Amino acid sequence: MAGLGELALGGLLALVGIVSLYKLSRVARAALALWSRSLDAPGTVTDGEVVAVEGEAVVDEPAPAADRLFDGDETVGAYLWRAQFTEAGNVTYDSDRGEFRQGRNTFASGVEAGRVDVTTGGRKLAVDPSWLREVHDAPALADIEVGNPARNVSLPVYFTRYVWDSAYAHLRGTPGKCSGEELAEVVDLYREDVHTDGFAIDARGVADGRPLFVSGEIRVEDGRPTVVGTDETPLLLSDAGSDGLRRALLWRAARYIATALAMVGIAAFFLS
């Protein structure tokens, strides 16, 4: 008969397996949307139409605080971000930049946007990524509270639903970052004397002139066709094209399936 320790461990492993299956369902939804939409040829679009296009990003208005997060040579119209605090004594490898750095724990993530379009074959479509914020219940960057012990709590990333790890967005070509001190005027400080040097923001952006794949539903707003996400039509974004997003989804699916099977198998062993 299994003891309390084995039951607790088995329950934890089973929880990891369940979370993996949930994440796999999000990947499956994104993959279904991607595989069911063929790339569209240029032409007239109508309200409610589902489209999938690859083209070039055109930034008409930079996203909020983009000038602090990204290199001055880049004009960024939208970006994913994550807020982190440093973890003493822990070093991790940053795959985005190919370097080792002090370990960090994420406590918030979101998406910011100005005005960004995708152009292809003479057609220009606006892109509205706000659906990503809604589906992940993400805060605006200006609304995060830095230095509040009750809010700057870090759960293991595997158990979170951060936009940064969304299956619907694959942005890797334009990484950005800055210290908490550089964003002290943007974020909400818990107290005026909060030390912000232990906080940092990472970002991945959609830059002007860079390749961009976008898929979603057309909404015509003031005569301007805009690609949005809805409950029925997920918004997909990738700066590596549809093929890059497809490869990323396959890798995610393989990882979640392997994790779920391993955790459920080990849990069954301990609970037997």
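Select phenylalanine 70 first. The model is predicted, and in it phenylalanine 70 is buried, with a relative accessible area of 7%.

Show both side chains. The structure holds three aromatic pairs. One of them joins phenylalanine 70 and tyrosine 79: the ring centres are 5.5 Å apart and the planes meet at 65°, so the pair is edge-to-face. The cut-off for that label is an angle over 60 degrees.

Next, select tryptophan 131 and tyrosine 168. Their ring centres lie 5.0 Å apart with the planes at 70°, so this pair is edge-to-face as well. Which parts of the chain does the pair tie together? Tryptophan 131 sits in helix H3, residues 130-135, and tyrosine 168 sits in the loop between E6 and E7, so the pair links parts 37 residues apart in sequence. Both residues are buried.

Stay in that loop. Pick serine 166, between strand E6 (145-146) and strand E7 (169-170). Is serine 166 buried or exposed? Its relative accessibility is 1%, so serine 166 counts as buried; the limit for that is under 20%. Show the contacts around serine 166. Beyond residues up to four places away in sequence, serine 166 touches Leu132, His136 and Arg252. Look closely at histidine 136. Its side chain makes a polar contact with the side chain of serine 166, at 3.0 Å.

Another ring comes next. Select tryptophan 35, then arginine 246. Arginine 246 lies over the face of tryptophan 35, at 5.1 Å from the ring centre.

Move to strand E8, residues 175-179. Colour its two faces separately. Gly176 and Cys178 form the covered face. Pro175, Lys177 and Ser179 form the uncovered one. Find cysteine 178 and look across to E10: isoleucine 201 stands opposite.

Keep glycine 176 on screen and select aspartate 67. Aspartate 67 lies in helix H2, residues 66-69. With a relative accessible area of 65%, aspartate 67 is exposed. Draw a C-alpha to C-alpha line from aspartate 67 to glycine 176. The line spans 9.8 Å, while the two residues are 109 places apart in sequence.

Go on to threonine 233. Look for it in the loop between strand E12 (224-228) and strand E13 (236-238). Threonine 233 is buried, with a relative accessible area of 7%. What is threonine 233 in contact with, leaving aside neighbours within four places in sequence? The list is Arg37, Val50, Gly216, Glu217 and Val228. Focus on glutamate 217. Its side chain and that of threonine 233 make a polar contact at 3.4 Å. Then select valine 51. Threonine 233 and valine 51 are 182 residues apart in sequence, yet their C-alpha atoms are 10.0 Å apart in space.

Finally, zoom out to the whole protein. Colour by burial next. Of the 272 residues, 46% are buried. Now display contacts between residues at least 6 apart in sequence. Among these, 76% join residues at least 24 apart. Last, show the surface. The protein exposes about 13500 Å², and carbon and sulfur atoms supply 54% of that area.

Technical notes
Residues numbered from 1 in each chain as written. Predicted model: local features only at pLDDT ≥ 70, side-chain atom pairs only at ≥ 80, totals over all residues. Heavy atoms only, no water. Helix = DSSP H or I, 4+ residues; strand = E, 2+ residues; numbered from the N terminus. Buried < 20%, exposed > 50% of the residue type's maximum accessible area, 1.4 Å probe, protein only. Polar contact = N/O pair within 3.5 Å; in protein donor to acceptor, adjacent residues only side chain to side chain. Contact = heavy atoms within 4.5 Å. Areas by Shrake-Rupley, 256 points an atom, 1.4 Å probe, with all protein chains shown as cover. Phe/Tyr/Trp six-rings, centres within 6.5 Å; stacked < 30°, edge-to-face > 60°. Lys NZ or Arg CZ within 6 Å of the ring centre and 35° of its normal. Pairing = 2+ DSSP bridges.
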